[in-house]
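Good morning, colleagues. Please look at the sequence and the structure on the screen while I take you through a few parts of the fold.

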Amino acid sequence: MNPLRSTRPQRTVVRAAAVLAILVGWSAVIGPVAHAGERAGRQAAVAIRGGDTLYSGGARCTVGFNARSATATYALVSGRCAQGTSTWYADAALTVPVGVTAGVSFPGNDYASVRYTNTAVAHPGEVTLGAGVGTRDITGAANPVVGQSVCHVGRTTGYRCGTVQAVNVTVNYGGGIVYGLFRSTICSEPGDSGGPAFSGGTALGIIVGSSGNCTSGGFTYYQPVAESLSAYGLSVY
């Protein structure tokens, strides 16, 4: 837990005054995996959408959105989550390789891109809303506006909706300061990091942190997706 303070000149429109609970987007993958689990992993690796999970040797990150350039397809994930990882898999048993880290920006920003390399795995331009809820097709991206409706999908808390509270927010992660985030009225909890935030079919951001929880109430911070798309020369589809 770290107060939201910056050691650099004030650069926020709204300064968060609560305590930031960083929603770490990774967790250890522990213990041996049986052959049955490996087979299940291979069978499950049909498609990877926003809201799905990518695995590395000892960590996992949630895909925010799929995006593409003229020649390749990418996953956008949290930069903090992707640090120090080069190869990604579709399953915890690490039997279905899907891509490699193409770029990481953290601190200052909190985004990264993973270039998909396995043509046997599909990468639809959709986000998974959760079991029994379906998917949402993402057709564009934009910067958030205060008062705008927004929904997000977290690995822990699922599909939730609210409104954008503030933009251009600076937060101190403790391990680094990040600028230009936006905040919503939606609660989040540990494990939700990296999940997609969108308004209708428009991508807005990926979850990077929160204050409070979904029992007593709280709000969520996001890395705007338009910034990362511009940085890597990508577009959603």
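I begin with a definition: two strands are said to pair if DSSP finds at least two bridges between them. The model before you is a predicted one.

Let us turn to strand S16, residues 196–199. How many bridges join S16 to S17? There are 4 bridges, and the two strands run antiparallel. S16 and S17 form a hairpin, with 2 residues between them. In the turn, glycine 200 has a positive phi of about 65 degrees. S16 also pairs with strand S13, residues 149–154, in the antiparallel sense, over 2 bridges. Alanine 197 shows both pairings: histidine 152 stands opposite alanine 197, and alanine 197 in turn stands opposite glycine 205 in S17.

Next, the side chains of this strand. In a regular strand, side chains alternate between the two faces of the sheet. Here Pro196 and Phe198 point one way from S16, while Ala197 and Ser199 point the other way, and all are buried.

Is proline 196 buried or exposed? Its relative accessibility is 0%, and because buried means under 20%, proline 196 counts as buried. The C-alpha atoms of proline 196 and glycine 154 are 7.6 Å apart, although 42 residues separate the two in sequence.

I move on to helix H3, residues 225–232. Which residues of H3 are buried? They are Val225, Ser228 and Leu229. Seen down the axis of H3, these buried residues fall within an arc of 100 degrees, so they line one face of the helix. The buried residues of H3 pack against several strands, including S5, S9, S17 and S18. After H3 comes glycine 233, whose phi is positive, near 65 degrees.

Finally, a charged pair. The side chains of glutamate 126 and arginine 49 meet in a salt bridge, at 2.6 Å from N to O. Glutamate 126 lies in strand S10 and arginine 49 in the loop between helix H1 and strand S3, so the pair ties together parts that are 77 residues apart in sequence. Glutamate 126 counts as partly exposed, at 22% relative accessibility, and arginine 49 likewise counts as partly exposed, at 24%. The count of salt bridges in this model comes to 1.

Thank you for your attention.

Definitions and conventions. Residues numbered from 1 in each chain as written. Predicted model: local features only at pLDDT ≥ 70, side-chain atom pairs only at ≥ 80, totals over all residues. Heavy atoms only, no water. Buried < 20%, exposed > 50% of the residue type's maximum accessible area, 1.4 Å probe, protein only. Arc of directions from axis to C-beta. Contact = heavy atoms within 4.5 Å. Salt bridge = Lys/Arg side-chain N within 4 Å of Asp/Glu carboxyl O.
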